[in-house]
Amino acid sequence: MSTPHSSSTSSAPHRASPPQIPESLTLAATASSGSPSSSSASGMRDAAEDDSDSPPSQMSEDDPGGGGGGGGGGDRWEPDLRGGNGGTGRWAPPDQVLENVLESVLEFLTAARDRNAASLVCRSWYRAEAQTRRELFIGNCYAVSPRRAVERFGGLRSVVLKGKPRFADFSLVPYGWGAYVSPWVAALGPAYPRLERICLKRMTVSDDDLDLVAKSFPLFRELSLVCCDGFSTAGLATIAGRCRHLCVLDLIEDYVEDEEDELVDWISRFPESNTSLESLVFDCVSVPFNFEALEALVARSPALRRLRVNHHVSVEQLRRLMARAPQLTHFGTGAFRSEAAPGGGLSVTELATSFAASRSLICLSGFRDVNPEYLPAIYPVCAKLTSLNFSFASLTAEELKPVIRNCINLRTFWVLDTVGDEGLRAVADTCSDLRELRVFPLDASEDSEGSVSDVGLQAISEGCPKLESILYFCQRMTNAAVIAMSKNCPDLVVFRLCIMGRHRPDRITGEPMDDGFGAIVMNCKKLTRLSVSGLLTDKAFAYIGKYGKLIKTLSVAFAGNSDMSLQYIFEGCTKLQKLEVRDSPFSDKGLLSGMNYFYNMRFLWMNSCRLTTRGCKDVAQQMQNLVVEVIKDHSDDEGEAEIVDKLYLYRSLAGPRNDAPPFVTLL
C-alpha cells in the first residue's frame with residue numbers, strides 16, 4: 001500500500017536566531033547495500049549497528065596545521081611533533097617538553113569519548129592527540145575527505161569506515177549509490193605504511209582496491225568486510241597470497257561477484273608455511289571452494305579460533321575440519337547436512353563425538369541447509385555455548401526444544417520465527433541469563449502470516465529478565481506484552497520491535513500501540529536504540545520525546561499521524577544521532593522543525609514520506625555545513641520531481657561529494 005503524498009509546502013518554524021555551527025564537528029556521520037541478498041531475512045541480520053564501542057571518531061574543524069595561537073608573528077617557535085626540534089637546536093623549549101609529556105599521557109587514553117574530548121581542549125592537545133591516535137573510526141565515508149584525515153593523524157594502525165546508509169540492508173538504497181573505498185585506500189597507502197587493520201561496512205570494494213591494500217601495507221594483519229560488494233574471489237586471492245602476516249579475514253554478509261567460469265582458488269593462496277590466522281569467516285561467499293586447501297590451511301594455523309564456512313561444506317567435511325582444529329571457540333557449520341545418499345552418510349553419533357572433542361566451543365552458527373536429524377550431535381557442547389545462531393535454519397518448535405533445553409548459559413540467540421511462540425517459550429524456560437535475542441522473519445513481506453506474536457514476546461520478558469537487546473519481527477502484537485517487557489526487562493539498551501504489516505494496532509483491543517512504546521521509554525532508563533512500528537499516533541512520539549533522553553538511534557516505520565511526531569522527537573531526544581524514517585506521513589513542516597538540531601546529529605534518512613523538493617532546498621540553503629541528498633527511486637527518471645522519494649541528510653567537513661550518480665541530486 002503506497003503512502004499518500006502531499007505537494008503542499010511549509011516554512012520553517014519561527015526561531016529567535018539561526019542555528020550556530022559548532023566550533024567542532026565530529027568525523028563520524030552515519031553508518032549496509034543495494035546488492036542482492038540470499039534470502040528475505042538475510043539482509044536484516046546485520047541491520048543492527050551500535051557505535052558505542054567504536055574506536056575514537058571525532059575530528060575538530062581546527063586547521064591541523066594551525067599554530068598555537070597568540071602573537072609572535074613569523075618569529076614564533078613552532079614545535080615539530082613529527083621530528084622533535086626540527087634540527088634547529090639541541091634544547092627543547094618548555095612548550096615542547098609539555099607536549100612530549102602530554103603525548104606520553106595520551107598514549108594511555110583509549111576510550112573514544114575521552115580522546116575526542118581531549119582533542120577539543122586546546123590546539124596543543126589537539127595536535128598531541130592527533131599524533132598519538134592509533135585507531136580511527138569514520139561513520140560516514142563522505143563526512144570527511146581522505147586528504148584531511150591523513151593530514152591530521154600521523155600514526156594510525158587501524159581504520160574503520162562505513163559507507164551506505166543503514167537502510168541499504170533493506171534494499172532501500174539504489175544500486176550504484178556510491179560509498180567507494182578507492183579514494184580512501186589510495187590516500188591511506190602512502191600515509192600509513194604500518195597500517196595493520198581495515199574494517200569496512202556497506203562499502204563498494206573492487207578487486208583493485210584489495211590489490212592496493214595488499215601492496216601498500218607490509219605489516220597488514222586484519223581485514224573485515226561487512227555488507228560490502230564489488231569484489232570477487234580474485235581479490236580475496238590477492239589478500240591471501242600477499243598479506244603474509246594476516247591474522248583476520250572476516251567476510252560478513254558480503255556480496256561476492258563471481259561467475260562460475262571466473263572462480264579463483266583463493267583458499268590455496270595462503271602461505272604454505274604455518275600461518276598467523278586467528279579468524280577466517282567466509283560463510284557469505286556462496287561459490288564453491290577448494291576444501292582440501294582449506295583443510296590443509298586449518299591444520300597449519302595453530303592460532304585459529306574463529307572459523308565460519310559456507311554452505312558447500314557437508315557434515316562429513318565438517319568433522320574433518322574439527323579434527324584439525326580442536327582449539328576453535330567460534331564455529332560456523334556450513335550446510336549441516338550429509339552429502340551422501342540417504343542411509344550412507346555420517347552417523348549422528350560420529351558427529352557428536354567430534355563436537356565432544358571440541359572442548360573450547362562457545363559460539364555456534366551456520367546451519368544454512370540444516371538436516372534436523374543431525375542437531376543432537378551438538379548436544380555435547382550446548383551447555384558451554386554463550387552464543388547460538390539459528391537465523392538461517394527453518395526449525396520448528398519441536399526441533400528447537402531439545403537443543404535449547406541444553407543451552408543453560410546462552411547469552412546471545414538468533415533464530416527464525418518458524419519456531420513460533422512455543423519455541424520462544426522454551427527459550428524463556430531455559431535461558432535465564434540471555435542478554436540478546438533476535439527473531440528474524442522467514443517471510444519478510446507485509447502480508448505474511450508471521451509465526452511469532454505478543455505471546456512469545458511476553459514469555460521472553462518473563463523468563464529472561466537480564467535481557468539487554470532485542471530485535472523482534474512479527475505481525476501481531478499487544479500493548480500489554482510490550483508493557484510487560486518494559487517492566488520485566490528494565491536493563492534494555494536496544495528495543496527494536498518491527499511489526500511488518502502497516503499500521504497494525506493492538507491485536508486484542510484494536511487501540512494504537514502508543515502505550516506500549518511509551519512504557520518502554522519510561523521504564524527502560526538505559527535505552528539508547530529504539531525501533532517503532534505499528535499503528536502509532538503523535539502520543540507515542542510525545543512519550544519518546546519526553547522520556548527517551550538517552551536515545552541515540554531511532555527508526556520509524558509506518559507510524560505517526562502528523563508532523564508533531566517529528567517535532568516531539570527533535571525537541572525531546574537531546575542525544576539523538578541517527579534518525580531513520582520510512583513510509584510515514586511527515587511533510588516539509590516536520591522536516592523543518594529539526595533545523596535547530598541537525599548539526600548535532602550524524603544523519604537523517606527519510607523515504608516514502610511527504611517531503612517536497614522545495615522543503616529540502618530550504619534546509620540546504622539555511623544549513624551550509626550539511627549535505628542534503630535527494631535520491632530518486634529509479635535512475636532513468638528524468639527531470640526534477642516535486643515529491644522526494646528519499647532524503648539523506650548528513651553533516652560533512654568535506655562538502656558535497658563528487659561521485660554522485662545521476663539519480664542523486666545534491667542540493
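Visitor: Where does Glu 253 lie?
Guide: Glu 253 lies in the loop between strand 5 (248-252) and strand 6 (279-281). Helices (H or I, at least four residues) and strands (E, at least two) are DSSP runs, numbered from the N terminus. One caution: this is a predicted model, so local features need pLDDT of at least 70 and side-chain atom pairs count only at pLDDT 80 or more, while totals for chains, interfaces and linings use all residues. Residues are numbered from 1 along each chain as its sequence is written, and side-chain values use heavy atoms, with hydrogens and water left out.

Visitor: What is the phi of Glu 253?
Guide: Phi of Glu 253 is near 55°, a positive value in a residue other than glycine. Most residues other than glycine have a negative phi.

Visitor: And is Glu 253 buried, partly exposed or exposed?
Guide: Glu 253 has a relative accessible area of 24%, so it counts as partly exposed. Buried means under 20%, exposed over 50%, and partly exposed in between (1.4 Å probe, protein chains only).

Visitor: What about Ser 608, what is its phi?
Guide: Ser 608 is not a glycine, yet its phi is positive, about 55°. Ser 608 sits in the loop between strand 18 (603-607) and helix 21 (613-622). With a relative accessible area of 22%, Ser 608 is partly exposed.

Visitor: New topic: helices. How do helix 7 and helix 8 pack?
Guide: Helix 7 (residues 207-216) and helix 8 (residues 233-242) pack at an angle of about 5°, and their axes are 8 Å apart. That makes the two helices roughly parallel. The axes are lines fitted to C-alpha atoms, for helices over the stretch in contact, and angles run from 0 to 180 degrees between N-to-C directions.

Visitor: Which residues make that contact?
Guide: From helix 7, they include Leu 210, Val 213 and Lys 215. From helix 8, they include Leu 236, Ile 239 and Arg 242. Contact means heavy atoms within 4.5 Å.

Visitor: At what angle do helix 6 and helix 7 pack?
Guide: Helix 6 (residues 182-191) packs with helix 7 at about 10°, with the axes 10 Å apart. Helix 6 and helix 7 are therefore roughly parallel too. Ser 182, Val 185, Ala 186 and Gly 189 of helix 6 meet Asp 209, Leu 212, Val 213 and Ser 216 of helix 7.

Visitor: How many aromatic pairs are there in the whole structure?
Guide: A search finds 19. Rings of Phe, Tyr and Trp (its six-membered ring) pair if their centres lie within 6.5 Å; planes under 30 degrees apart are stacked, over 60 edge-to-face, and the rest tilted. Take Phe 167 and Phe 170: the centres are 5.9 Å apart and the planes at 80°, so this pair is edge-to-face. Phe 167 counts as buried, at 5% relative accessibility. Phe 170, at 25%, counts as partly exposed.

Visitor: What about Phe 336 and Phe 367, what kind of pair do they form?
Guide: Phe 336 and Phe 367 form an edge-to-face pair, with 4.9 Å centre to centre and 65° between the planes. Phe 336 lies in the loop between strand 8 (330-333) and helix 11 (348-357), and Phe 367 in the loop between strand 9 (363-365) and helix 12 (379-382), so the pair ties together parts 31 residues apart in sequence. Both Phe 336 and Phe 367 are buried.

Visitor: Which residues do ring pairs link into a cluster?
Guide: Tyr 142, Phe 167, Phe 170, Trp 177, Phe 603, Trp 605, Tyr 648 and Tyr 650.

Visitor: Back to helices. How many residues of helix 17 are buried?
Guide: Seven of the 10 residues in helix 17 (residues 514-523) are buried, which leaves this helix mostly covered. Among the buried ones are Phe 517, Ile 520 and Val 521. The cover includes helix 16 (479-488), strand 14 (494-499), strand 15 (529-532) and helix 18 (538-547).

Visitor: Last one. Where is Glu 436?
Guide: Glu 436 is in strand 12 (residues 436-440). Glu 436 is buried, with a relative accessible area of 19%. The C-alpha atoms of Glu 436 and Arg 411 are separated by 6.3 Å, though these residues are 25 apart along the chain. Leaving aside neighbours within four places in sequence, Glu 436 is in contact with residues including Arg 411, Trp 414 and Leu 467.

Definitions and conventions. Parallel < 35°, antiparallel > 145°, perpendicular 65-115°, else oblique.
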